[in-house]
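Please look through the sequence and the structure shown below, and then follow the report, which goes from one part of the molecule to the next.

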Amino acid sequence: MIQLAGVSKRFATGLLAVAGIDLNVARHEIVAVIGPSGCGKSTILRLIAGLDEPTAGTVYVDGHQVHGPDRSTGIVFQQPRLMPWLNVTNNVSFGLQHNGDHTLETSEVIDRVGLAAFAAALPRELSGGMAQRVAIARALVTKPPVLLLDEPFSSLDAFTRIDLQTHLLEVWDWYRPTTLLVTHDIDEALILADRVIVLGASPGAIQADITVDLDRPRSRTDPAFHRLQDLSMEQLGRSRIGAGE
């Protein structure tokens, strides 16, 4: 569903963010990307979303080469980026203005993220976790085959973050979009993902590809979970040493 073949990205400043990335994400798979700051995690996500163009290599989504944003992908950023003058329903449906009557689809996805009682609420009336649920609903309202998450819960408190991780899996199970998650949180990666990709030092390159062979729902107290934590920490430690951190 997602394929990066020999992908590199050099910005106009001369910074080489990622180099020679080869990555395949299967249909319905959840893959998390972790690594030290500045290793190109968000750059990879932006290349898949079509927000940036690779300097070298090719990005494919759902069988076609990516040339700019399209409806194959939904994206959720660290901040919800809601329009403050629109209520929940209108924020979710904003991108559907030219697609006819999507009232049923909008109400369904709002219900899926647990906000049916807040459909008429303005962003200022929502908690941080509720606002991020609106952002997830907005990304999913067209049922895109690919969902991209750029540290969506990092600005939230620990309890809200854990709650939304569980809720995201429930929403994902609705139609199982192929999902790429960028995160700094190893536990979050292991709770959510089928595989964890560890990026090395800048320029970012894949250092490890860890399979998370655990049944869902996953327990943070499971010894197998702790073994994967240790492995991920070991690989991430190597990345930080390479990055000079």
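In helix H1, the residues Lys41, Thr43, Ile44, Leu45, Leu47, Ile48 and Ala49 are buried, where buried means under 20% relative accessible area, exposed means over 50%, and partly exposed lies in between, as judged with a 1.4 Å probe on protein chains only. Helix H1 covers residues 41-49, and with 7 of its 9 residues buried it is mostly covered. Helices (H or I, at least four residues) and strands (E, at least two) are DSSP runs, numbered from the N terminus. After H1 comes Gly50, which has a positive phi near 80°.

The model is a predicted one, in which local features need pLDDT of at least 70 and side-chain atom pairs count only at pLDDT 80 or more, while totals for chains, interfaces and linings use all residues. Residues are numbered from 1 along each chain as its sequence is written, and side-chain values use heavy atoms, with hydrogens and water left out.

What does H1 lie across? Helix H1 lies across E1, E2 and strand E4 (56-61), and it runs at about 120° to E1. Such axes are lines fitted to C-alpha atoms, for helices over the stretch in contact, and the angles run from 0 to 180 degrees between N-to-C directions; contact means heavy atoms within 4.5 Å. The strands E2-E1-E4-E5, in that order, form an open sheet of 4 strands with antiparallel pairing, and two strands count as paired if DSSP finds at least two bridges between them. At the edges are strand E2 (16-25) and strand E5 (64-65), each of which pairs on one side only. Strand E1 (residues 2-10) runs antiparallel to E2 and is joined to E2 by 6 bridges, and Lys9 stands opposite Val18 in E2.

**The nonpolar cores**

A nonpolar core is a set of buried Ala, Val, Leu, Ile, Met, Phe, Trp, Tyr and Cys residues joined through side-chain atoms within 4.5 Å. The largest such core has 51 residues, of which Val92, Val109, Leu140 and Val196 touch the most other members. Helix H4 (residues 128-140) gives the largest share of this core, namely 8 residues. A second, separate core holds 25 residues, including Ile2, Val25, Val33 and Val61.

When residues up to four places away in sequence are not counted, Val92 touches Thr106, Val109, Ile110, Val134, Ala137, Arg138 and Val141. Thr106 is part of helix H3 (residues 103-112) and counts as buried, at 4% relative accessibility. With the same exclusion of residues up to four places away in sequence, the contacts of Thr106 are Thr89, Val92, Ser93, Leu96 and Val141.

**Salt bridges**

Side chains of opposite charge can pair when their charged atoms come close. A salt bridge is counted when a side-chain nitrogen of Lys or Arg is within 4 Å of a carboxyl oxygen of Asp or Glu, and the structure holds 9 of these.

| Asp52 | Arg46 | 3.0 Å |

Asp52 is buried, with a relative accessible area of 18%, whereas Arg46 counts as partly exposed at 31%. In the pair of Asp173 and Arg176, Asp173 is partly exposed at 41% relative accessibility, and Arg176 is partly exposed at 39%.

Arg195 is buried, with a relative accessible area of 13%, while Asp209 counts as partly exposed at 44%. Salt bridges that share partners join Glu29, Arg195 and Asp209 into one network.

**The whole chain**

The protein has 7 helices and 10 strands. Its radius of gyration is 18 Å, close to the 18 Å that the globule rule gives for 245 residues, so the protein is as compact as a globular protein of that length; the radius is taken over C-alpha atoms, and the rule is 2.2 Å times the number of residues to the power 0.38. The C-alpha trace spans about 50 × 45 × 30 Å along its principal axes. Of the 245 residues, 50% count as buried. Among contacts between residues at least 6 apart in sequence, 69% join residues at least 24 apart.
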